Structures are given as structure tokens and as C-alpha cells.
Amino acid sequence: MAAICLGTFMLLVDVTIVLVALPSMSGSLDASLSQLQWVADGYALAVAAALLGAGMLADLYGRRRVYVAGLFVFAVASVACALSPDMGWLITARLVQGVGAAAMFATTLSLISTLYSGRRLGTAFGVWAAVAASAAALGPVLGGLLTDALDWRWIFYVNVPVTALALWMTFRCVPRSTPVKDATRRLDVPGLLLFALGAGGLVYALTESHSHGWTSAATLAPVGAALLAFAAFVGVQKRSAHPLLDLSLFRRPAFTAAMITIAVGEAAVYGILPYTSMWLQSVQHLSPIGAGLVVLPHALAAALVAIVSGRWMPKPSPRAGATLGLFLAGLGLSVEGFLGPDSGWPALIGGLVLSGLGMGLVFQVAAALALGSVPYDRAGMASGTYSTVEQLGYACGVAVFGTLAVSTMGRSLEDEVTDPHRAAQALSGGGADSLIAAAPAGQRDALEHTLRAVFADGHNALALTAGALAIVGAALVLLLTWRTDSQPPAADDWEQPWEQPADPELQTAGD
């Protein structure tokens, strides 16, 4: 369990560890807002695009083998990130790093589901969820420590010794899994390429929309291409004897509820976190470690709830767990949406704690529901699907909220500067100090107060929108699972993995 969770912690830390280092990267490599978004989004997008293929490879060739390959690719790409001479190199290395992370992520849940059963499975999911929740929120703290003490490049160098430890523990402690013995089953390459094209086109369009506008050809063309790719992907999966994604999984209300829960939670809670970090550093003038510590209560609350819920809810209720988790997350985000020009960082703490409580439930319950709705030979596919939806939710959240931030701040700056759109892009990208320095000396104090008010209004719009999204998601999950808890399963329904015999080889080693 420690070997699996170490890899999980490392790959999820790298989703958010870059957030507090973005201003330092911007100054060091002269980055634009779009490039900074791609440093965060490129990794998540690569993870999402490669996860389904990694899940199928894990079922075909063994989960430990794919996990080890992912660790190695992740370490090599981390070194490439640290050595980046410019933003193009860094973004490319982050994409490769995401492919390695996908191989790790696609196998962690399926390994857990085959190593444990009964109440121990619920506890194991709780531990995994606590690690996942802690990693996402502790990333900014660790990034701040390394950026302050050393340099932003060390947020990538630190992955190398941790990867070496994870490799040693994996070879020593995690037994080989038994691959699916089916000579006709092959990796669905057309499906993998179509899904990657669809996900990439969608995230690209959302990320660049603040520069070109929603109605421009530069935005509509990749959106159209992405929709066509997704439609072709669905068609290929329906005709394939061995699909990359078995669409029949979504006939199970619990599985669909799990996908909605994790996608909405990631998009809402962590989609606005980069802009919260920008506010803390560029407006509140906190150091990177200070900005990371502000988020620490969220991490502690999420980890505590995930462990407790895993212990006491080994067979979780989608209505009680997923719905309540999204509602608390939405409530916490809404509390964060009332900043003023003179507000300080303590104004965020209550909302961060509430959203942490919600995400602790979301991580634990959604993962258990996703794996609990599929048969044993689809565990890798279910794990890959869950993780794909999670990372796509995060990537789309960062992109959409970036566009909302620029548009909201641009409207607020229309009467203040000659080019409000460009100023809004600079402000949302952490460039408040550069805007103030460019103003005449006698106007700088007034401009600083204006920018504080504009950024607060922009952040409020993001937080309230994200909160509404999470609450709507909670209502949708409640509606979808309204009768799930009270109705007995049909005779031909799949058994839950905690009621199945696990892989004998793995179960023996686990016991």
C-alpha cells in the first residue's frame, strides 16, 4: 500500500506543485498567461489522454509492469522539466511527464482493488483517497518551500529520489499481477488517438479562448474538431470487440455518478486554485511558501475526512457520500467568493476548510464507486476511466476559469486603462507589480488599490461560479442515484469487488 500510495502522491503533487511557482517561471522564462496555463494544463491533459490506453495495457500486460514503466518515464521527464531553457521545452517535457503519470495513475486503483477485499478494501480506498486529497492540496506547500529555498526547477528535481524509492518499494513489495489471457485482445490504437485528439482540441480551445474570443474561428475550429473526434471515438468503441472504453459501464448509475462526482469536484475546487495562488502572491504579496501554507487547512481537512470515511463506509453510498461531498465543496467555494479590495488571506480559510471536507468525501467515495461497479477483468479500464475523467475535469476547469478571470477583470478595467484586455491577461497571470511599475509615479497608489479591487472581483466571480457548479453537480448525482441505495441489484448485475475473490497471486501476497 505504501509503494502504491507513494507513486500516487508524487504524480498528484505534480498537478498542483507548479501553481505557486508560476510567477517565478514567468519571470525566469518570460512566459505569457497562456503558456503558464499550459504548464498546469499540459500535464493534466497528457494524463487524461493516455490513461485509457494505460489502463488497457495494464489489463493486457500486467499492472505492476505498467506502473514501473510509468515511474521511469515520469522521472526522466521530470529531469527534462528542470533543465528547461524556455517555455516550449518546459511544456513539451510536462506533456511527456503526464504520459508517465498516466501509466502510474491507471494502475493504482486496480492494484488496490485486487490486493484487498471486505472492510480492508474500504480502509485501503480511504488511505488512497487521503493521499490523493493531501497531494493535490500539499503540492502548493511543497512547491513554495522548494521555490523559496532553492529555485522553481527543484520542484521537478525532487521527483528523482522519490521515484527511485518508489521503484525499489514496488519491486520489493508489489507482486506481479496476472495479465488477461486473450490472444485476440489488442490495444485500441484508433480509439486512443481519437480520444487524445478530442481531449487535446477541447482543452486547447478553452485555454486559448481568452485570447481569441468564444466566437472566433481560432476557438470554434478546435472545438468542432474535438467534437468530431469524440463522436468518432464513440463510434469506434461501439464497433470494437475489445474497446478502449466499454461504454456499457455507464449504464450503471453508480459508475456514472462516480464520474460526475470526480469531474465536477476537480473542475470546481482545483480549477480555480491557480488564480487563488496568483491573488495570494501578486496582490497579497505572500511568498510561495506562504501561499502554499494558506491552502494547508484544505489538505488537512480532506485527508482527515477521507481516512474516516474509508474506515466507516467500506461500501459507500453514492447519495450520502458523493452528494454531500460535492455540496460541501460548493458551499466552501461560495464562502471564498466575498473578497474585497482590503481582504487578506484569512478570508479564504473557512471556505478552504469546507471545500477540503467535501473533497475528502469526493475522493474516497468516487474511487470506491468506480471500482465497485465493474467486474475484475475491467478493473484497469475502470481505474483508467476514473482517472481520465478526473484529470480532464481539472484541465477544463483551469482553462474555463482562466477565460472567465480575463473577461471579468477586463470589464472591470475598461475605464481604468487603455488596453483592458491585455491588462486583465497580465493581472490574472500574476503581473500586478509590472502593471503598477509601468504607471506614472503619482498614479501608482491609486492603481494598486484598483488592481486589488479588480482581482478580488475576478476571484469572487470564479469562486461563486465554481460553487454553483459543485452544487448543481451534487443535485445531479442525487437525482441519478435516487433509487440506487434502496433497490437491490438485479440478478445479472456485476458483483462488487469486495464480494469477489481477488486475483489469487495478489491476494496471497496481500494477506
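Two rings of Phe, Tyr or Trp, the last by its six-membered ring, count as a pair if their centres lie within 6.5 Å. With that in hand, look at Phe195, Phe230 and Phe233, which form one aromatic cluster in this predicted model. The structure holds 4 aromatic pairs. One of them joins Trp152 and Phe156, with 6.4 Å from centre to centre and 90 degrees between the planes, so this pair is edge-to-face, planes over 60 degrees apart being counted that way. Trp152 and Phe156 are both buried.

Now for some helix packing. Helix H1 covers residues 2-16 and helix H8 covers residues 159-173; their axes come within 8 Å and cross at roughly 155 degrees. That angle is why H1 counts as roughly antiparallel to H8. As for handedness, H1 and H8 make a left-handed crossing. On the H1 side, the contact is made by Ala2, Ala3, Leu6, Met10 and Asp14. H8 brings in Asn159, Val162, Thr163, Leu165, Ala166, Met169 and Thr170. Sort the residues in this contact between H1 and H8 by class and you get 8 nonpolar, 3 polar and 1 charged.

Last stop: Asn460, which sits in helix H20, residues 444-480. Is Asn460 buried or exposed? Its relative accessible area is 10%, and because buried means under 20%, Asn460 is buried. What does Asn460 touch, leaving aside its neighbours within four places in sequence? Its contacts there are Glu336, Gly337, Phe338 and Leu339. Gly340 is 120 residues away from Asn460 along the chain, yet the C-alpha atoms of Asn460 and Gly340 are separated by 8.9 Å.

Notes
Residues numbered from 1 in each chain as written. Predicted model: local features only at pLDDT ≥ 70, side-chain atom pairs only at ≥ 80, totals over all residues. Heavy atoms only, no water. Phe/Tyr/Trp six-rings, centres within 6.5 Å; stacked < 30°, edge-to-face > 60°. Buried < 20%, exposed > 50% of the residue type's maximum accessible area, 1.4 Å probe, protein only. Axes fitted to C-alpha atoms, helices over the stretch in contact; angles between N-to-C directions. Helix = DSSP H or I, 4+ residues; strand = E, 2+ residues; numbered from the N terminus. Parallel < 35°, antiparallel > 145°, perpendicular 65-115°, else oblique. Left-handed = near helix turned anticlockwise from the far one by under 90°. Contact = heavy atoms within 4.5 Å. Nonpolar A, V, L, I, M, F, W, Y, C, P; charged D, E, K, R; others polar.
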